[in-house]
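Colleague: Thanks for sitting down with me. Could you walk me through this model, one question at a time?

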Amino acid sequence: MIVGRISGENLEARVPLELVNKGKVIKVEFLVDTGFSGHLAVSESAVETLNLEYQELQRGILADGKKRLFDTVDLCVYWNEQPIILRAQVLGEPLIGTRMLNGHDIHADWKNGGEIRLTKN
């Protein structure tokens with residue numbers, strides 16, 4: 001189970017995950033974003049901190065319908081206490097998308113300070 005918090009003025013669901021590269025580990029708060037259909041998006045600062053190498057460009061569609069190209073990186077993330085390697089988009093904010101949430105139940109106490117739990121089903 002992955003546990004996070006509902007917080008902020010907009011009552012955003014955020015979940016801490018560990019990212020790893022070449023022995024360096026950082027903990028990053030990810031926004032659970034059901035409007036993002038990818039696996040994960042990471043910030044440029046996480047890419048720099050972990051010294052990740054940029055990979056290919058991916059086409060994506062923004063919430064306003066505009067098409068754009070996004071940088072990607074390969075990274076290792078601890079998900080359900082297991083390390084997995086995946087290709088993530090590089091965006092302004094760390095996001096967990098619906099492909100990552102696939103196969104999980106989401107339970108949330110949707111109030112400021114409430115808990116969100118992602119449970120593998």
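**Pocket, core and strands**

Modeller: Happy to! The largest pocket holds about 460 Å³ of space. A pocket here is an open set of points on a 1 Å grid over the protein atoms alone, where a 1.4 Å probe fits, with protein on both sides within 12 Å along at least five of seven lines, and lining residues have an atom within 4 Å of a point. The volume is the space filled by probe spheres set on the points, which are joined across faces, edges and corners. Please bear in mind that this is a predicted model, where local features need pLDDT of at least 70 and side-chain atom pairs count only at pLDDT 80 or more, while totals for chains, interfaces and linings use all residues. Residues are numbered from 1 along each chain as its sequence is written, and side-chain values use heavy atoms, with hydrogens and water left out.

Colleague: Which strand gives the most to the lining of the largest pocket?

Modeller: Strands are DSSP runs of E, at least two residues, numbered from the N terminus. Strand S5 (54–61), S6 and S7 are the elements that each give two or more residues to this lining. The one that gives the most, with 4 residues, is S5.

Colleague: How many residues does the largest nonpolar core have?

Modeller: A nonpolar core is a set of buried Ala, Val, Leu, Ile, Met, Phe, Trp, Tyr and Cys residues joined through side-chain atoms within 4.5 Å. Leu19, Leu40 and Leu75 are among those with the most contacts inside the largest one. Its residue count is 28.

Colleague: Is Asn80 buried or exposed?

Modeller: Asn80 lies in the loop between strand S6 (67–79) and strand S7 (82–90). Buried means under 20% relative accessible area, exposed over 50%, and partly exposed in between (1.4 Å probe, protein chains only). Asn80 has 18% relative accessibility, so this residue counts as buried.

Colleague: With which side chain does the side chain of Asn80 make a polar contact?

Modeller: A polar contact is a pair of N or O atoms within 3.5 Å; within protein, one must be able to donate a hydrogen and the other to accept it, and residues adjacent in sequence count only if both atoms are side-chain atoms. For Asn80 the distance is 2.9 Å, and the partner is the side chain of His104.

Colleague: How many bridges join strand S9 to S10?

Modeller: Two strands pair if DSSP finds at least two bridges between them. S9 (residues 104–108) and S10 run antiparallel, with Asp105 opposite Thr119 in S10. The number of bridges is 5.
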